[in-house]
Amino acid sequence: MPRCALALSSMVLVVAAAHGQGVPVLIPSQNRPPGMALLVERVVPGGVQALGVYAVTADPARPGLLRIKVWEELPNDVKVRSETIGCSVTAPMRVTNDGRQLILRQLNPGGVITSVNRRDHLVWWASCHPQHAGQDPDGLRAVALQLGYSGNLQEREQLLPAGSL
C-alpha cells in the first residue's frame, strides 16, 4: 500500500511539474467535441484558433429557442459557453455572456455584416440553419429573404448584469 501511494504521488508530481513548465497536457484541436460545426479556423502564433457550435437542442421550457454550446479555441486554451439562440423570423437573437454580464443581441439575418456582428451571425446561422454552418453570413442575404427574414431589422445589444455566472 505505501509503495502504491508513493508511485501515485510521484506520478502526480511529474504531471504537475510538466504542466507548470508549459508542456502541453492536452491539445485543444485534438479534443473537439463530436458533431461540432466548425465555423472558423485559422493559424495564429502558437497554434490554431477556432470557433464552433455543438450540442444544439430545443429549449424545453421556451418554445422557439435553442440551447447551444459555443467552443472558442486558442492554441493553449478553450472556453465553452452555454448560450441561447432565437430563430424566429420576427426576433432572431443570440444570448451569450462575457463572464461578467449577459449579452442579448437582436440580429438581422440578411442585413449588413460587419466585423462587429460577424461572429454572432456565424453562430446564429450554424444553430438555426445548420446546412449553412461556416458559410460567410455576408453571402446569405438571398437565403435569409427566402426563409422569411426581412433583412431590415434593427440590430441591438443589451447588457444585463449577471451576478455570478
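I count a contact when heavy atoms lie within 4.5 Å. I am working on a predicted model, where local features need pLDDT of at least 70, side-chain atom pairs count only at pLDDT 80 or more, and totals for chains, interfaces and linings use all residues. Residues are numbered from 1 along each chain as its sequence is written, and side-chain values use heavy atoms, with hydrogens and water left out.

**Entry 1: the disulfide**

I searched the whole structure for disulfides, taken as pairs of cysteine sulfur atoms within 2.5 Å. The search gave one. Such a link is a covalent bond between the sulfur atoms of two cysteines. Here Cys87 is joined to Cys128, with S to S at 2.0 Å. I read -85 degrees about the S-S bond, a left-handed link. I then asked where the two cysteines sit. For elements I use DSSP runs numbered from the N terminus: helices (H or I, at least four residues) and strands (E, at least two). Cys87 is in the loop between strand E4 (77-86) and strand E5 (93-97), and Cys128 is in helix H2 (residues 118-128), so the pair ties together parts that are 41 residues apart in sequence.

Next I checked burial. I call a residue buried under 20% relative accessible area, exposed over 50%, and partly exposed in between (1.4 Å probe, protein chains only). Cys87 and Cys128 are both buried. I also listed the contacts of Cys87, leaving out residues up to four places away in sequence. They are Gly64, Leu66, Trp124, Cys128 and Tyr149.

**Entry 2: the core**

**Entry 3: the aromatic rings**

Which rings pair up with Trp124? I pair rings of Phe, Tyr and Trp (its six-membered ring) if their centres lie within 6.5 Å; planes under 30 degrees apart are stacked, over 60 edge-to-face, and the rest tilted. I get three aromatic pairs. Trp124 and Trp125 have ring centres 5.1 Å apart and planes at 90 degrees, so they are edge-to-face. Trp124 is buried at 0%, and Trp125 is buried at 2%. Trp124 and Tyr149 have centres 5.2 Å apart and planes at 85 degrees, so this pair is also edge-to-face. Trp124 is in helix H2 and Tyr149 in the loop between H3 and E7, so the pair ties together parts that are 25 residues apart in sequence. Tyr149 is buried at 4%. I note one aromatic cluster made of Trp124, Trp125 and Tyr149.

**Entry 4: single residues**

I stopped at Ala55, in strand E2 (residues 47-58). Its phi is near 55 degrees, a positive value in a residue other than glycine. Most residues other than glycine have a negative phi. Ala55 is partly exposed, at 42% relative accessibility.

Is Gln154 buried or exposed? Gln154 is exposed, with a relative accessible area of 54%. I place Gln154 in the loop between helix H3 (141-146) and strand E7 (156-161).

Last, I looked at Asn97, in strand E5. Asn97 is buried, at 17% relative accessibility.
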